[in-house]
Structure formats: structure tokens, C-alpha cells
Amino acid sequence: MKLEVRAQRAGQSLARWLAPLTFTDWSAARVTAELTRAVVAWGVAHGWRVRREVPSLAELPGAHPDRSGYLDVVCERLDGPPIAIEIDQTEKPWSARKLLVEADSGVVPVWVRWGEPPSGTVPEPVALVVFVTTCRAVGPTRRRLYSRTADQHLQPSAPPVPASEQPPQHAPTRLRCRATTKKGEPCPIDARPSGLCHVHDPAVQCGRLTRKGSACTVATGGGPCKYHQDQSQSEPAPQLPPWLPDVS
């Protein structure tokens, strides 16, 4: 299957997943964070391994010559090439360049753009997911707040997607996570089969021990978070006791 086709199918599937998301008077940082969480949940629902802030799979250099560029979200699949996803409010040429370099190495590129409808075009084979919001300025500082309602942003009908590209079908009733937030309120995120969301379910968290002795709760989709990946790489190999032979 051509990379362009894979990208368009992934983009259409992700657009349908994000379509029900609505909110009122959110900051830009909160919108980006919620979209990132929703993208992670989309990948987890497909059964993929999902990671955030992943070094460029194509080893594209970043702002510093000795460090690679980072991708917002990467979904690793057993039945196809990985999917690289960038999430931006504005049209960042750097994001487009990163995705094009990833595409040259065989990675499926998807670009989530939120805010006003984009005016320019996206270079192939990058798939564009448009998430339109409205904006208003409030207070003496003219702080910008963003909103999205279901009746304002109905998604246009899209071609049917093969069953292999669709997330698993769930019961009509959407169960909420049974955990509580740090404020003591019920978690508003949809639950996974375990009854917990992708944020609270230990099965999709880092799980490595922190300095306080508790398990790291960073949602990764499975496996260690970036901090513990870097930490494990920097830690020296354990020394064998003198009475045990080295068989390496």
C-alpha cells in the first residue's frame, strides 16, 4: 500500500476520533494538551504502542546539533509502518519538514492543525487533520480563549475506511473512567476495558520507580517514559558480586 494512502486513511480515522471533542473557553495550552491526550487514546484504542515526545525516527537534527528533533506522538504498529503525528495551532514549517523527512524513511506522516482553517496546502504525502475552533479575547490583557461546539464543527462525510483501519467497536454507552482527578472530581475521560482511562490505567503508564519510591504515572501507551528511558541509558551496568563468574 502506498504511503499516501496509509496517511490519508490514518488521518480520516483520527479526524473522526477527534470530532466529538468539545469545550468552552480553554487556553491554547489546554487545547493542545487535550488533543495530545486524545491522539494517544486513539492509538491505544487500535492496540498500538504509543509514545510521546519521541526522537525523530529518521534521525532529523533538532535545534541543537548534538540532539535529534522530536515528534509529538508516534504510534508503533506490528501490521504496518509507524505513524508520526505533529500537533500545532499554527502553520509551522518545521513541523512540515519533520514529517516530510519521516515520510522519506517510510513513516506515515499525519499533521493535526487546530484553530482557524488553514489557508495553505500541505505537501504530500502528509495527511492533514483540521480541528477548527473559535477564539475570543477577554479581560484587559485580551487573553485568547478557544471553544468548540458540536453544531459549529460538524465533520463532512468521508469515504468508508476498511475495518483494519478502524478502532474496535464498543457498546453504545460510553463508560467514564472510575478514577478521580487530583481535585477529587470524577475523571471525565472514557474508560478502557479495564475501567480506567489511558491516564489512570497502570497498564499504559511508565511504571518505573520514581525517586520517592512510587510508580511513575506518565501515560505512554506502554513502556518507560522519556525521562526513564534517558535515565536507564545513563545508568552504569550493575556490577556482579566477586563470587559470581562473568559469563558475558
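The questions and answers below take up the sheet and then the cores.

Reply: This is a predicted model, in which local features need pLDDT of at least 70 and side-chain atom pairs count only at pLDDT 80 or more, while totals for chains, interfaces and linings use all residues. Residues are numbered from 1 along each chain as its sequence is written, and side-chain values use heavy atoms, with hydrogens and water left out.

Me: What is the strand order of the open sheet of 3 strands?
Reply: Strands are DSSP runs (E, at least two residues), and two of them pair if DSSP finds at least two bridges between them. The edge strands, β1 (23-26) and β7 (134-138), each pair on one side only. With antiparallel pairing, the order is β1-β8-β7.

Me: Which residue in β8 is the bridge partner of Trp 26?
Reply: β1 pairs with β8 (residues 143-148) in the antiparallel sense over 2 bridges. For Trp 26, the bridge partner in β8 is Tyr 146.

Me: Which residues of the largest nonpolar core touch the most other members?
Reply: A nonpolar core is a set of buried (under 20% relative accessible area, 1.4 Å probe, protein chains only) Ala, Val, Leu, Ile, Met, Phe, Trp, Tyr and Cys residues joined through side-chain atoms within 4.5 Å. The largest has 33 residues, and α2 gives the most to this core, with 7 residues. Those touching the most other members are Leu 14, Ile 83 and Ile 85.

Me: How many residues are in the second, separate core?
Reply: Its members include Leu 71, Val 74, Ala 84 and Trp 111. The size of this second core is 10 residues.

Key: Helices (H or I, at least four residues) and strands (E, at least two) are DSSP runs, numbered from the N terminus. Buried means under 20% relative accessible area, exposed over 50%, partly exposed in between (1.4 Å probe, protein chains only).
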